[in-house]
Amino acid sequence: MAVEKVIIIGSGPAGLTAALYTSRALLKPLMFEGEMPGGLLTTTTDVENYPGFPEGIMGPELMENMRKQAERFGTRFITQNVTKVDFKSRPFKVWVGDKLYESSTVIVSTGASSKMLGIPSEQTYWAKGVSTCATCDGAFFKNVPVAVIGGGDSAMEEANFLTRFASRVFIIHRRDSFRASKIMADRALKNPKVEPVWNSTVDEIFGDGKLVKGIRVKDVNTGATREIALEGVFVAIGHQPNSQLFKGQLDMTDVGYIKTKPHSSYTSVDGVFACGDLQDHVYRQAITAAGSGCMAAIDAERWLEAHGQ
Ligand code: NDP
């Protein structure tokens with residue numbers, strides 16, 4: 001079996017930037033882009049804060065462009081999920097089912113996923129009114145009330161987007177002020193369709209078994225509950241790193257972010273590099289993910305050179 005020079009796992013801005021740089025360094029990277037390529041940006045609409053696009057760009061289009069750019073220089077793509085890795089010895093091993101791939105270096109960039117509330121009814125009504133992606137599902141909720149849960153920038157973005165379709169958008173937040181940046185919070189609060197529900201959590205999503213019909217919210221100060229009739233529930237309470245694949249292989253924080261050495265993409269395993277949201281719980285931006293993907297590529301390239309490859 002041919003041993004690859006670089007395998008990249010994950011195809012968000014971090015992975016695709018690592019692919020662009022390693023392919024331009026003639027390392028012919030092999031990227032496992034997963035069954036849902038492109039990462040979290042494919043679930044967003046306008047990206048207004050990625051430099052170089054003065055009018056903004058749609059998230060899916062930005063990711064498609066990044067993929068084409070990496071492909072142009074020779075990145076090879078496998079549109080499957082990696083199921084197992086072994087970083088205990090070199091060459092490193094990566095499996096998709098029974099199929100084994102080997103590589104001198106691996107760049108991991110599997111990103112982060114949406115957090116869920118953890119109440120059973122959220123699963124019962126998943127895709128029957130409960131969603132984590134307004135861009136994907138917002139248009140199903142024309143002229144009906146919906147709720148967004150959370151108080152960060154994601155919640156504001158989802159709420160604003162949903163006002164295009166829904167008759168009313170409740171933002172259910174557990175405190176009395178938003179965590180979101182002021183500009184995003186103001187934009188949401190100024191929208192006449194938006195109604196904040198402060199100091200409240202959702203303790204039940206109910207429906208007719210087929211579709212959501214409402215939620216029960218609880219006042220965190222008084223414990224009082226009340227029901228709100230609506231048809232859509234958008235959970236926007238943050239993210240968790242997709243690091244299960246690397247448990248027992250790479251050092252990670254208590255909540256599962258891969259640990260990297262300061263000012264580098266070096267992980268606890270020499271020759272394995274991490275970038276993007278998988279190792280960054282602080283910035284979590286497309287541009288910082290892309291920047292860290294560039295760092296991982298340069299680190300891998302120098303590592304290969306130092307090891308005579
Ligand atoms: P955040 O972690 O910033 O916010 C999560 C929100 O959900 C908080 O308000 C938090 O409440 C609330 N929350 C968390 N857990 C629960 C729970 N179990 N029940 C109820 N509420 C809960 O995540 P975001 O996804 O909003 O943002 C992540 C990062 O991405 C941020 O840095 C943000 O700035 C950035 N971002 C930027 C955008 C842009 O610039 N266009 C768009 C979207 C995100 P509490 O405040 O009480 O902790």
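Over how many bridges do E10 and strand E17 (residues 232-235) pair, and in the parallel or the antiparallel sense? The two strands pair in the parallel sense over 2 bridges, where pairing requires that DSSP finds at least two bridges between two strands. Strands (E, at least two residues) and helices (H or I, at least four) are DSSP runs, numbered from the N terminus. The model is predicted: local features need pLDDT of at least 70, side-chain atom pairs count only at pLDDT 80 or more, and totals for chains, interfaces and linings use all residues. Residues are numbered from 1 along each chain as its sequence is written, and side-chain values use heavy atoms, with hydrogens and water left out.

The protein chain contains 7 helices and 19 strands. Its radius of gyration, taken over C-alpha atoms, is 21 Å, which agrees with the value near 19 Å that a compact globule of 309 residues would have; the globule rule is 2.2 Å times the number of residues to the power 0.38. Along the principal axes, the C-alpha atoms of the protein chain fill a box of roughly 65 × 40 × 35 Å.

The pair E10 and E17 belongs to an open sheet of 5 strands with parallel pairing, in the order E10-E17-E11-E12-E13. Its edges are formed by strand E10 (130-131) and strand E13 (194-197), each of which pairs on one side only. Within the pair, Ser-131 has Phe-234 in E17 as its bridge partner.

A further open sheet has 3 strands in the order E14-E15-E16, with antiparallel pairing. Here the edge strands are strand E14 (200-207) and strand E16 (225-229), and each pairs on one side only. Neighbouring strands of this sheet are turned by 25° against each other on average, direction ignored; the axes are lines fitted to C-alpha atoms, for helices over the stretch in contact, and angles run from 0 to 180 degrees between N-to-C directions. E14 runs antiparallel to strand E15 (residues 212-219), and 7 bridges join them. Thr-201 stands opposite Lys-218 in E15, and Ile-205 has Ile-215 in E15 as its bridge partner. These two strands form a hairpin with 4 residues between them, and Gly-209 in the turn has a positive phi of about 95°. The hairpin of E15 and E16 has 5 residues between the strands, and Gly-223 takes a positive phi near 80°.

Two backbone features lie in loops. Most residues other than glycine have a negative phi, and most peptide bonds are trans. Ala-127, a residue other than glycine, has a positive phi near 65°; Ala-127 is found in the loop between helix H3 (120-124) and E10. Arg-90 and Pro-91 are joined by a cis peptide bond with omega of about -5°, and Pro-91 is found in the loop between strand E6 (84-86) and strand E7 (92-96).

An N or O atom in the side chain of Asp-153 is 2.5 Å from an oxygen atom of the ligand. For Arg-175, the side-chain N or O atom is 2.7 Å from a ligand oxygen atom, and for Asn-49 a polar side-chain atom lies 3.3 Å from an oxygen atom of the ligand. Taken alone, the ligand exposes 920 Å², of which the protein buries 77%; accessible areas come from the Shrake-Rupley method with a 1.4 Å probe, and for residues only the protein chains shown count as cover.

Conventions: Polar contact = N/O pair within 3.5 Å; in protein donor to acceptor, adjacent residues only side chain to side chain.
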